[in-house]
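Thank you all for coming.

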Amino acid sequence: MQPLVMSKMARSLLRLLTGCQRLASSPSVCLHFCRSSTGLPFGSSFVRSMVALPFSFSLKPRDFSLPNSSWSAEMMRLYDFYNSQCEPENESGEKQRGPWRRVPSYNRTLKYAAGGAYLSKLIQSKNRLFTRSIKTTGAAFEYVMFINKEEQRCVCIFQAGHLLEGPPGHVHGGAIATMIDSVTGAHATFLSGPVMTANLNINYRSPIPLGSTVILESSLDNKEGRKTFISCKVTSTDGSKLHTEATALFLSIKVGHLLGM
């Protein structure tokens, strides 16, 4: 009798997991399921945990570097310009490999990281890259990066949302520093592999109006062994106003360190 009961429980658990996989793609159904009086021996927190499980339950990652409805006309214009340089058309109208590459952007940099306090894959499934932690489009960090390998340059088109306010009507200095670190770090990673920020010096020249679009341009200054030196400037889209300038030093690290090995 006991093996039969165990078998029934296994089948029930399999049906439950299959249902949770479907619920992961339908938040409204999940909400109804959690509120329904079905008499099931678990609460909404259990259902949310099951839906948040990694592996087969994870939804396809969204590329946040692609346009969305919150992007301004100026941001779209610049995106179209640099994107056209990724695969420009020749005289016959055929697309060819260009000097620029768009850098995809997701919620996570690594699927899982070992070490520290966050060893649980269940916890890590909820982790978010800081600049992609706010789900509402247009509310915070809207940006896309393009890298030019030949010129060793990186350009980022950045639109600051209303949640990034510092001085009244202007972008918080910490948000600007975050974007500079993100852009120069991505550029250094492209040039030298996995890196960590060792030093970041920032000079703020003029405030950035909240909601405006600006350009961050990163360039390689030098490479010495494990050290990669990068400089960056933040300007208005027409280049007439310098908002911020910075220098950064990045140190190459072993991939094993990222995985806690």
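I will go through some aromatic rings and then one serine.

What I show is a predicted model, in which local features need pLDDT of at least 70 and side-chain atom pairs count only at pLDDT 80 or more, while totals for chains, interfaces and linings use all residues. Residues are numbered from 1 along each chain as its sequence is written, and side-chain values use heavy atoms, with hydrogens and water left out.

Rings of Phe, Tyr and Trp (its six-membered ring) pair if their centres lie within 6.5 Å, and planes under 30 degrees apart count as stacked, over 60 as edge-to-face and the rest as tilted. By this rule there are seven aromatic pairs. One of them is edge-to-face and joins Trp-71 to Tyr-79, at 5.5 Å centre to centre with 70 degrees between the planes. Tyr-79 also forms a tilted pair with Phe-146, at 6.0 Å and 55 degrees. Because Tyr-79 lies in helix 4 (residues 73-84) and Phe-146 in strand 2 (residues 141-148), this pair ties together parts that are 67 residues apart in sequence; helices (H or I, at least four residues) and strands (E, at least two) are DSSP runs, numbered from the N terminus.

Are these two residues buried or exposed? Buried means under 20% relative accessible area, exposed over 50%, partly exposed in between (1.4 Å probe, protein chains only), so Tyr-79 is buried at 7%, and Phe-146 is buried at 0%.

Turning to the serine, Ser-231 lies in strand 6 (residues 227-236) and is buried, with a relative accessible area of 18%.
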